[in-house]
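Subject: Structure handover

Hello,

Here is the structure I promised you. Please open it next to this email and follow along.

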Amino acid sequence: MIRDLQRTTWTVRPMTEEAARTVVAWRYEPPYDFYNLADNPEVLAELLDGSYEAAWDAEGDVAAFFCTGLAAQVPDGFRVGAYDNLDGVVVDLGLGMRPDLTGRGLGQLFIEDVMGIFRDQHLGAWIRLTVAAHNERAFRLYRRMGFAAERQFESHGVTFYTMRRALTAPPAPPADQEGDSSQHQQRSPEP
Ligand SMILES: CC(C)(COP(=O)(O)OP(=O)(O)OC[C@H]1O[C@@H](n2cnc3c(N)ncnc32)[C@H](O)[C@@H]1OP(=O)(O)O)[C@@H](O)C(=O)NCCC(=O)NCCS
């Protein structure tokens, strides 16, 4: 059953074992099955290592999760300096919404809420995502939210991009530059 999810109805807390077992059972339709997690002890342990949080909806079901730090990075990116930054300045974010909630415009609300949490915790000045080039849905959303592609690298035959934006809202353009969105399109690749 597809349910509505209002931004005020989810509660973010550290990942629990029950929530982790729920998340590893989520199955995305192709081409997003790339994001299906394996249901094994190693993955469950990672989900519970302190770097993951979950968001519960009003019915008490897990609606989404996010992670930060190493858990949000693809190790092969280090080879090309994709994660070079001053510690504490850039916060890496990884995330996933429950399959039935995807494709409905809810990702932006979730990411905005997560960015609000990061701002409250003074986690950094920039936020960075690592996205597979074939994930057109995520690319469109991140570009729309002002993320710009930074570095490209390959990992196990998959092309990835890091994308970054300021954690604070991008300043509104002066009135005489309205309609000029080039500042957010620089170096953005076509997935
Ligand atoms: C990535 C994610 C957060 C995006 O949030 P979302 O709410 O599903 O995205 P939206 O519904 O706002 O769609 C974003 C854009 O992609 C388009 N889109 C939606 N479904 C699509 C599809 N199957 N194929 C291509 N584009 C699609 C939308 O029309 C929208 O385009 P627009 O900006 O021009 O309006 C969410 O889908 C998710 O968690 N996916 C599962 C795992 C994943 O991909 N994680 C990201 C790792 S970086």
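Start with A82, which is in contact with G77, R151, F153 and T162, leaving aside its neighbours within four places in sequence. Two residues are in contact if their C-beta atoms, placed from the backbone, lie within 7 Å. A82 and T162 are 80 residues apart in sequence, but their C-alpha atoms are 6.9 Å apart in space. A82 sits in the loop between β3 and β4. A82 counts as buried because it has 20 C-beta neighbours inside 10 Å. The rule for burial uses C-beta atoms placed from the backbone: buried means 20 or more others within 10 Å, exposed means 12 or fewer, and partly exposed is in between.

Two points on how to read all this. This is a predicted model, where local features need pLDDT of at least 70, side-chain atom pairs count only at pLDDT 80 or more, and totals for chains, interfaces and linings use all residues. Residues are numbered from 1 along each chain as its sequence is written.

Overall layout

The protein has four helices and seven strands. Both are DSSP runs, numbered from the N terminus: helices are H or I with at least four residues, strands are E with at least two. From the N terminus on, the order is β-α-α-β-β-β-α-β-α-β-β. Of the 191 residues, 25% are buried. Take the contacts with a separation of 6 or more: 68% of them join residues 24 or more positions apart.

The nonpolar core

How many residues does the largest nonpolar core have? It has 36. Such a core is a set of buried Ala, Val, Leu, Ile, Met, Phe, Trp, Tyr and Cys residues joined through C-beta atoms within 7 Å. M15, A55, A64, F65, V131, Y142 and M163 have the most contacts inside it. Elements that give two or more residues to this core include α1 (17-25), β2 (52-56), β3 (62-68) and β7 (158-166). The biggest contribution is from β3, with six residues. Beyond its neighbours within four places in sequence, Y142 is in contact with L129, V131, F147 and M163.

Helix α1

Which residues of α1 are buried? They are A19, A20 and V23. These three are on the same side of α1, because they cover an arc of only 100° around the axis. The arc is that of the directions from the helix axis to the C-beta atoms.

β4 and β5 pair in the parallel sense over four bridges. Strands count as paired if DSSP finds at least two bridges between them. Here V91 stands opposite I127 in β5. β5 is largely enclosed by the rest of the structure, because five of its seven residues are buried.

M115 is in helix α3. M115 is buried, because 20 other C-beta atoms lie within 10 Å. M115 touches I127 and L167, not counting residues up to four places away in sequence. M115 and V91 are 24 residues apart in sequence and 10.0 Å apart in space, C-alpha to C-alpha.

Around the ligand

There are 22 residues around the ligand, and M97, T102, G107, A138 and R140 come nearest. A residue is near a molecule if its C-beta atom, placed from the backbone, lies within 6 Å of it. β4 (90-97), α3 (106-120), β5 (126-132) and α4 (136-144) are the elements that give two or more residues to this shell. The largest share, six residues, comes from α4. By type, the shell has 10 nonpolar, seven polar and five charged residues. Nonpolar means Ala, Val, Leu, Ile, Met, Phe, Trp, Tyr, Cys and Pro; charged means Asp, Glu, Lys and Arg; the others, Gly among them, are polar.

Backbone details to check

A cis peptide bond joins P30 and P31, with omega about 5°. P31 lies in the loop between α1 and α2. H122 is not a glycine, yet it has a positive phi of about 50°. H122 lies in the loop between α3 and β5. H156 also has a positive phi of about 50° without being a glycine. H156 lies in the loop between β6 (148-155) and β7.

Best wishes
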